[in-house]
Amino acid sequence: MAGQTDMELIKDGVRLDGRKPDELREVKITAGVLDNADGSCYLEWGNNKIYAGVFGPMECHPRHKQKADRAIVQARYTMAPFSVNDRKRPGLDRRSSEISYIVSQAFEKVVMVEEFPKASIRVDMQVVEAHAGTRCAAMTAASVALADAGIPMRDMIPACASGKVNDVVVLDLNKEEDNYGQADLPLAIIPSTGEVVLLQLDGHLTPEQFEEAMDLATSGCMDLYKIMRDALDKSYGGKK
Amino acid sequence: MSSDSVSNLMKGHMESLAAEGKRADGRGINEFREVKIETGMINTAEGSSMVHLGKTKVLCGIKLLIGTPYGDSPGSGTMTTSTELAPLADQSFDPGPPREASIELARVVDRGIRESRMIDFDALCIERGERVWMVYIDLHILDNGGNLFDCCTLAAAAALSNAKIPNVQHGIADEDVDLPVTCWPISCTFGRLGDTVILDPTSDEEAVMSARLTVAHDEDGNIRAAQKGMNGAFTDAEVREAVKTARKSDNVLREALKGI
């Protein structure tokens with residue numbers, strides 16, 4: 001968030017990429033794209049491209065991480081070195097570690113972890129091309145991959161960000177808006193209950209704008225939820 | 001799925017099939033699986049490719065950055081190859097820093113590309129002794145169906161042939177030009193199943209084979225790199241025969257590469 005900028009990111013209610021303030025970028029989801037993984041998903045969200053793969057439930061390694069009464073979710077978010085304009089050094093950095101950690105915890109709320117004591121469910125998210133909003137896109141892909149793997153879940157978790165550019169609250173920031181905007185609020189919810197399982201915020205929002213941003217992100221999540229279900233329906237819905 | 005423990009029944013079955021010149025998936029012993037190459041799908045990379053070799057899937061991205069040359073070659077660009085065995089590709093791939101297997105893979109691919117002089121390194125010099133292009137080849141394994149060596153070499157070659165030098169972005173020149181590629185190295189990997197040598201092993205075959213041999217040729221039939229792996233051994237005759245077979249068998253990969 002650069003905060004104040006002279007850059008005109010929204011003009012007459014139209015954003016640089018031609019979207020309206022409350023419009024998502026185009027999202028395409030395909031379930032079951034990988035052979036080895038128990039469940040997988042390929043997702044394109046605008047120009048973001050992400051693969052997610054799930055293994056498990058299986059014996060938890062290292063052993064000291066096992067929980068006697070439930071499974072743990074081991075999520076791992078990584079960005080390919082070629083996914084950004086400047087080459088990113090391979091491996092986990094502090095940003096990826098933080099995202100992996102909060103995503104793991106979000107999924108432990110919806111996955112029926114109590115069914116699998118001492119087990120681990122491994123969720124791997126690989127960002128191969130990044131244009132802002134990858135943590136939400138990766139989580140969304142991971143939800144579909146978990147469903148594809150047949151892991152018992154209470155619900156899937158759609159995730160979507162809202163933010164503020166040129167003092168206007170908008171849905172799903174693109175690259176320029178992320179770099180030069182005034183606020184970014186990634187949100188993940190459980191659609192069936194409305195509970196919030198992931199929330200981050202950086203930038204500057206007035207109390208009113210925060211309310212508006214929460215409403216917008218929530219409606220974005222609900223739109224996304226439909227796309228996720230349609231993708232699974234396409235793979236597993238059978239004859240209509 | 002590859003696994004450290006495979007039943008003796010499976011091992012015996014694969015070995016006896018191989019002895020009759022057959023494979024579990026119906027191929028002959030010197031036959032590649034179906035290969036499919038796509039290029040240019042990653043917009044943030046200077047070059048990219050996705051190669052499917054049977055069930056193995058590898059995504060390769062090329063990045064070009066400006067850096068200083070090595071002291072012993074002030075007029076040449078540099079190249080670095082890395083592999084990411086993503087945990088989603090195989091249950092046995094652990095998250096964490098690269099293991100020996102991953103490093104061996106990256107180095108074998110690196111040698112095939114480097115020693116064939118596929119990239120014209122001298123043409124990557126911007127200012128002698130000061131500034132050169134550094135080529136980063138990053139290989140992302142998305143699905144491990146066996147024979148990562150050949151799939152990765154093919155993905156690297158395809159992505160390099162598709163790469164542009166980002167002159168405009170770095171203010172070097174007015175237009176982006178193709179990365180100078182001089183030849184096409186192709187590797188062929190063999191496995192020893194019982195007493196039979198097979199080409200292009202699947203992950204099931206890798207789990208029971210005792211030794212691995214990778215041979216890279218250029219298009220003129222000259223050998224450019226080789227590597228023997230795993231704790232078994234090949235006879236002298238088997239090695240010589242494998243090198244000859246590689247020269248004949250790599251044509252299907254070459255055709256696939258030309259087709260992109």
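## Helix 4 of chain A and its surroundings

In this predicted model, the buried residues of helix 4 of chain A pack against strand 3 (27-31), helix 2 (134-148), strand 8 (159-165), strand 9 (168-171) and strand 10 (183-190) of chain A. Helices (H or I, at least four residues) and strands (E, at least two) are DSSP runs, numbered from the N terminus. Two residues are in contact if their C-beta atoms, placed from the backbone, lie within 7 Å. Residues are numbered from 1 along each chain as its sequence is written, and chains are lettered from A and ligands numbered from 1 in the order in which they are written. Because the model is predicted, local features need pLDDT of at least 70 and side-chain atom pairs count only at pLDDT 80 or more, while totals for chains, interfaces and linings use all residues.

Helix 4 covers residues 207-236 of chain A, 30 residues in total. From its first C-alpha to its last it reaches 43 Å, close to the 44 Å expected at 1.5 Å a residue; the expected span is 1.5 Å times one less than the number of residues. Its buried residues are A:Gln209, A:Ala213, A:Leu216, A:Ala217, A:Gly220, A:Cys221, A:Leu224, A:Tyr225, A:Met228 and A:Ala231. A residue is buried if 20 or more other C-beta atoms lie within 10 Å of its own, exposed if 12 or fewer, and partly exposed in between, with C-beta atoms placed from the backbone. Just after this helix, A:Gly238 takes a positive phi of about 70°.

Chain A as a whole has 4 helices and 12 strands. Of its 240 residues, 51% count as buried. Its radius of gyration is 18 Å, which agrees with the value near 18 Å for a compact globule of 240 residues; the radius is taken over C-alpha atoms, and the globule rule is 2.2 Å times the number of residues to the power 0.38. Along the principal axes, the C-alpha atoms of chain A fill a box of roughly 55 × 45 × 35 Å. Among contacts in chain A with a separation of 6 or more, 70% are between residues 24 or more positions apart.

The largest nonpolar core has 150 residues, and those with the most contacts inside it are A:Val123, A:Ala141, A:Ala142, B:Ala155 and B:Ala156. Helix 3 (residues 148-161) of chain B gives the largest share of this core, 11 residues. A nonpolar core is a set of buried Ala, Val, Leu, Ile, Met, Phe, Trp, Tyr and Cys residues joined through C-beta atoms within 7 Å. Apart from neighbours within four places in sequence, A:Ala141 is in contact with A:Cys41, A:Leu43, A:Ile50, A:Ala52 and A:Met125.

| Bond | Omega |
|---|---|
| A:Gly56 to A:Pro57 | about 0° |
| A:His61 to A:Pro62 | near -5° |

A:Pro57 is in strand 5 (residues 48-59) of chain A, and A:Pro62 is in the loop between strand 5 and strand 6 (72-79).

A:Asp12, which is not a glycine, has a positive phi near 50°. A:Asp12 lies in the loop between strand 1 (10-11) and strand 2 (14-15) of chain A and is exposed, with 4 other C-beta atoms within 10 Å. B:Arg117, also not a glycine, has a positive phi of about 55°. B:Arg117 sits in the loop between helix 2 (100-115) and strand 5 (125-127) of chain B and counts as partly exposed, with 15 C-beta neighbours inside 10 Å.

On confidence, the model scores ipTM 0.86 and pTM 0.91. Chain B has a mean pLDDT of 92, and 97% of its residues reach 70 or more; pLDDT is the predictor's confidence in each residue, from 0 to 100.
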